[in-house]
Amino acid sequence: MKLDPLGFLFPPRCPFCRSILDEESICPTCQESLPWLIGTKARRKPPNLELCAAALRYEGNVKGCIHRYKFRRRRGYARVLGPLVAQCAHDHMPQSFDLISWPPLSAKGLRRRGFDQARLLAQAVARDRGTEETPLFHKRETAQQSRLKTPEARRANVLGAYTLLEPALVRDKRVLLVDDVVTSGATLSECARVLLTAGAKEVWAVTLASAGGPRA
Ligand SMILES: [Zn+2]
């Protein structure tokens, strides 16, 4: 039984500006005014990746939205955010991938949050392409990347943090990694390094938002 069938208590809201809507979507104002990244501005090339594309710049309402999604556990946001990442993949990525995955939370991080925000986005991208996301990594507990300020500290923090669940699975594969935010690119680069070391052919990445950094 749904507790709030008509949405009186929790009406659908735009995840970016929180205005009340008839259905879960992005409001017309945000459609118009969000910092969408277009063309080459959406693209950068962190080490080990063919390309990393992002749908939005990580600022203002985008930052607030992702913060609520991750830290205030608005799991339902994935239904609106996922298709944005899927569209971004259509705009910038090759048509076919052998594997679609994501840099996972650690076991402790997953227990704390209750869901893996990047996995839900990877799931949306995979479903859009008629397939399913594949868990590839184990992540050991590390300090939160967002608390580390310098690119060097972020790189050091994730070095060796990800290991493959089944290394043989990625050999000669073209892999797409999906994440919520790319900042220094350290996490995605490290995951790509691990994949390439195990014999993956190419690694690409798509994210909901990009906090800047060098462009491709
Ligand atoms: Zn809005």
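Modeller: What follows concerns the salt bridges and the parts of the chain that they join. The model is predicted, so local features need pLDDT of at least 70 and side-chain atom pairs count only at pLDDT 80 or more, while totals for chains, interfaces and linings use all residues. Residues are numbered from 1 along each chain as its sequence is written, and side-chain values use heavy atoms, with hydrogens and water left out.

The structure contains six salt bridges (a side-chain nitrogen of Lys or Arg within 4 Å of a carboxyl oxygen of Asp or Glu). One of them joins E24 to R79, with 2.7 Å between the closest N and O atoms. Because E24 lies in the segment before α1 (28-33) and R79 in helix α3, this pair ties together parts that are 55 residues apart in sequence (helices are DSSP runs of H or I, at least four residues, numbered from the N terminus). E24 is partly exposed at 40% relative accessibility, whereas R79, at 56%, is exposed (buried means under 20% relative accessible area, exposed over 50%, partly exposed in between, with a 1.4 Å probe and protein chains only).

A further salt bridge pairs E133 with R119, the closest N and O atoms being 2.9 Å apart. Here E133 belongs to the loop between α5 and β4 (137-139) and R119 to helix α5, 14 residues apart, and the pair links distant parts of the chain. E133 counts as buried because its relative accessibility is 10%; R119, at 31%, is partly exposed.

E152 and R155 also form a salt bridge, with closest N and O atoms 3.9 Å apart. Both lie in helix α6 (residues 151-158), and because they are three residues apart, about one helical turn separates them. R155 is partly exposed, with a relative accessible area of 49%.

Note on methods. Helices (H or I, at least four residues) and strands (E, at least two) are DSSP runs, numbered from the N terminus.
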